[in-house]
Amino acid sequence: MATPAVGAACLLLARAAGPGPGPRRGARGEQARPRRLQRSVRRRCVAELSREGPAPRPMPPAQLAPPLVPGFLAPPREPEREPASTPPPVPDDGLGDLDLELEEIPEDYINDTVVVASEQDSAIKIGKEQARAEVTHSIVFVTGEASPYAKSGGLGDVCGSLPVALAARGHRVMVVMPRYLNGTSDKNYANAFYTEKHIRIPCFGGSHEVTFFHEYRDSVDWVFVDHPSYHRPGNLYGDKFGAYGDNQFRYTLLCYAACEAPLVLELGGYIYGQKCMFVVNDWHASLVPVLLASKYRPYGVYKDARSILVIHNLAHQGVEPASTYPDLGLPPEWYGALEWVFPEWARRHALDKGEAVNFLKGAVVTADRIVTVSKGYSWEVTTAEGGQGLDELLGSRKSVLNGIVNGIDINDWNPATDKHIPCHYSADDLSGKAKCKAELQKELGLPMRPDVPLIGFIGRLDYQKGIDLIKLIMPDLMREDIQFAMLGSGDPELEDWMRSTEANFKDKFRGWVGFSVPVSHRITAGCDILLMPSRFEPCGLNQLYAMQYGTVPVVHATGGLRDTVENFNPFGDNGEQGTGWAFAPLTTENMLWTLRTAISTYREHKSSWEGLMKRGMSKDFTWDHAAEQYEQIFQWAFIDQPYVR
């Protein structure tokens with residue numbers, strides 16, 4: 001129940017909005033009010049009432065289901081009580097404080113307000129600078145990580161930026177992820193408050209309670225699923241001893257909680273409801289489409305929802321023994337959706353039948369659409385070489401398989417504003433690039449020579465990134481008049497190789513073992529060439545950063561690298577074309593020849609090199625561009641019927 005003060009305020013607003021049914025008054029009459037203002041007043045009343053805390057809300061008939069079906073995982077509502085913590089700020093809908101006289105609101109201010117209204121999703125967006133979506137959706141991202149809260153790689157970058165870009169285009173966006181607490185990054189959740197919502201999830205032989213925390217930031221609802229299994233030392237998925245043995249349990253909880261969140265959480269005074277677009281990322285979230293198909297739609301829940309699987313790296317699929325299937329809480333007849341059989345050569349012994357359950361396979365089968373993080377990778381996953389055992393299944397779903405290149409956050413990666421680099425520059429004034437190079441040489445202890453090409457590498461030291469091939473060509477490369485800087489960590493043997501190479505070539509090579517965000521920015525800005533000989537690369541971000549900073553990429557033509565780096569052509573139809581070099585096949589001879597070609601172009605064709613830099617800096621790799629392409633996928637998903645067995 002609302003307090004008298006809030007109720008009186010809502011009544012005052014309602015009266016001020018205009019009289020009830022009756023003869024229509026003149027457009028300029030003293031008591032007339034624009035219709036959109038009346039709707040705004042109504043929503044403000046709801047928002048004000050929501051400040052009192054969660055209130056009982058009748059569940060629509062479509063949500064009713066047997067007690068054991070999710071949707072009723074939440075326990076019976078307890079008697080109302082004062083909230084334990086401060087609720088999230090209610091977005092201001094343009095009416096100002098409650099004591100503001102409505103007659104004082106400028107009419108043009110109201111005319112600049114775009115009203116997006118529906119029964120379950122109302123928001124007011126002010127401003128005309130940001131491109132808007134023609135059709136808006138309620139979008140629920142489900143992910144194992146998102147920057148800046150928790151990040152281990154590119155997945156965290158994508159899920160920390162794409163939701164913000166979609167929200168800026170007018171969508172209502174929620175991100176659901178675990179609330180990791182490891183004693184070092186707890187401050188990342190300092191602004192997230194306890195929602196007082198908790199549900200019990202039937203799986204793994206028991207009923208496990210999870211709670212929800214919420215933060216409203218950058219127009220996105222960041223929802224954190226809290227459970228003791230997310231509270232432990234180490235990184236997100238494991239520690240120094242390897243991956244956690246209960247990861248299947250941890251991300252089963254995440255998937256169940258993500259399915260419940262749009263139904264039970266009142267965020268900004270409204271629930272997201274059933275007509276949602278679930279965007280599930282990698283294997284950690286891949287149980288969501290299976291749950292929608294097996295435990296919700298059969299009971300009329302989420303019959304208007306859709307799901308999109310985004311594959312960031314097919315090498316990780318969430319495979320566990322077949323004996324764990326009963327732990328997932330799924331109906332027995334749905335075992336085939338997750339069933340996985342290893343080939344004979346991959347089995348541990350002669351008696352091993354190779355039977356397993358595969359989370360990612362379940363999502364490939366049941367998701368309404370599938371997206372990879374580049375067009376090239378969307379083709380590679382359908383081949384025996386790149387499909388990681390799922391190539392035939394993915395090939396059978398080619399009609400709903402698309403590729404969209406990731407974007408970059410230009411607030412963090414912009415040479416004109418970057419706080420980590422010593423001098424700013426742009427495509428119109430490249431003078432700062434030379435200063436960044438000189439400062440990087442000074443920082444690394446290399447001779448400060450503006451004429452020598454400086455080659456850089458940033459990334460993990462492992463087999464995927466082709467470090468073994470860099471190691472093989474380094475003796476030949478060190479005979480050239482060049483400098484080389486590497487930043488990364490991973491394989492201890494490769495780390496030791498970096499140290500020994502630096503000791504042998506003190507004037508030409510520097511190896512920084514570890515990772516530092518400021519150093520990665522300075523290497524990207526200070527180098528002339530960025531080398532990326534990855535064996536496979538679903539998208540890749542470093543080549544995008546490099547082009548944004550006028551650093552010319554030399555890459556293996558695979559996945560997203562092939563999509564984003566255009567080969568240099570000095571004899572194009574419209575003059576010089578290209579933004580770098582993409583070589584194939586991946587051999588030491590090819591890589592060394594391509595690097596020597598780039599070095600020669602740098603030394604002998606300065607105008608061509610400047611053209612390479614400027615064309616790379618002019619490319620549009622912003623998240624807004626990627627978000628627009630995702631909107632097309634949303635549209636296609638809602639045209640088709642959802643997955644039904």
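Is Arg449 buried, exposed or partly exposed? In this predicted model, Arg449 is partly exposed, with a relative accessible area of 30%. The structure as a whole contains 23 salt bridges, and Arg449 takes part in one of them, with Asp481, at an N to O distance of 2.9 Å. Arg449 is located in the loop between helix H11 (431-444) and strand E17 (454-458), and Asp481 in the loop between helix H12 (467-477) and strand E18 (483-488), so this contact ties together parts that are 32 residues apart in sequence.

Asp481 is likewise partly exposed, at 32% relative accessibility. A salt bridge also joins Asp481 to Arg603, where the closest N and O atoms are 3.7 Å apart. Because Arg603 belongs to helix H17 (residues 588-604) and Asp481 to the loop between H12 and E18, the pair ties together parts that are 122 residues apart in sequence. Arg603 has a relative accessibility of 33% and counts as partly exposed. Together with Asp451, the residues Arg449, Asp481 and Arg603 are linked in a network of salt bridges.

A further salt bridge is formed by Lys619 and Glu566, with 4.0 Å between the closest N and O atoms. Lys619 lies in the loop between helix H18 (606-617) and helix H19 (623-639), while Glu566 lies in the loop between helix H16 (559-564) and strand E22 (569-572); the pair therefore ties together parts that are 53 residues apart in sequence. Lys619 is partly exposed at 34% relative accessibility, and Glu566 is partly exposed at 36%.

Terms used:
Residues are numbered from 1 along each chain as its sequence is written. This is a predicted model: local features need pLDDT of at least 70, side-chain atom pairs count only at pLDDT 80 or more; totals for chains, interfaces and linings use all residues. Side-chain values use heavy atoms; hydrogens and water are left out. A salt bridge is a side-chain nitrogen of Lys or Arg within 4 Å of a carboxyl oxygen of Asp or Glu. Helices (H or I, at least four residues) and strands (E, at least two) are DSSP runs, numbered from the N terminus. Buried means under 20% relative accessible area, exposed over 50%, partly exposed in between (1.4 Å probe, protein chains only).
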